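Please consult the sequence and the model shown here.

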Amino acid sequence: QLQLVESGGGLVQPGGSLRLSCAASGFTLGRYVIGWFRQAPGKERERVSCINNSGGSTNYADSVKGRFTISRDNAKNTVYLQMNSLKPEDTAVYYCAAGTWYIECTKNGMNYWGKGTLVTVSS
């Protein structure tokens with residue numbers, strides 16, 4: 001059974017920080033492109049960030065650029081999303097997903113999905 005498990009979500013005040021983790025089991029994470037996506041209530045799921053298998057290429061949504069950083073530690077079979085300067089608009093369920101092609105790191109192009117972790121940014 002191939003699984004991705006997100007962790008690290010929770011309640012944080014505006015301006016605060018959180019680090020999300022995405023841990024893989026049943027497969028080698030280093031063979032896959034990993035994306036972080038998020039979905040707020042009543043809104044479409046959107047791509048937050050992607051990282052290729054080696055970590056040499058990344059991309060970010062304009063809304064998080066400069067505030068979020070994606071990284072991976074293939075030896076630990078884990079991908080991270082460091083989130084700084086959080087805003088209420090960042091409130092959403094955050095999902096990690098694994099796919100084959102970096103260019104297809106989209107909400108419809110991934111092969112495996114985690115269950116998500118809730119991030120709530122509120123004062």
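Does Arg-38 count as buried or exposed? Arg-38 counts as buried because its relative accessibility is 5%, where buried means under 20% relative accessible area, exposed over 50% and partly exposed in between (1.4 Å probe, protein chains only). The model is predicted, with local features requiring pLDDT of at least 70 and side-chain atom pairs pLDDT 80 or more, while totals for chains, interfaces and linings use all residues. Residues are numbered from 1 along each chain as its sequence is written, and side-chain values use heavy atoms, leaving out hydrogens and water.

**Surroundings of Arg-38**
- Arg-38 lies in strand E4 (residues 33-39); strands (E, at least two residues) are DSSP runs, numbered from the N terminus.
- Its side chain makes polar contacts with the side chains of Glu-46 at 2.8 Å and Asp-90 at 2.9 Å.
- A polar contact is a pair of N or O atoms within 3.5 Å; within protein, one must be able to donate a hydrogen and the other to accept it, and residues adjacent in sequence count only if both atoms are side-chain atoms.
- Beyond four places away in sequence, Arg-38 touches residues including Val-48, Phe-68 and Tyr-94, contact meaning heavy atoms within 4.5 Å.

**Strand E8 and its partners**
- Five of the six residues of E8 (residues 78-83) are buried.
- E8 pairs antiparallel with E3 (residues 18-25) through six bridges, pairing requiring at least two DSSP bridges.
- E7 (residues 68-73) is also antiparallel to E8, over six bridges.
- Leu-81 in E8 is the bridge partner of Leu-20 and stands opposite Ile-70.
- Four residues separate E7 and E8 in a hairpin, where Asn-77 in the turn has a positive phi of about 55°.
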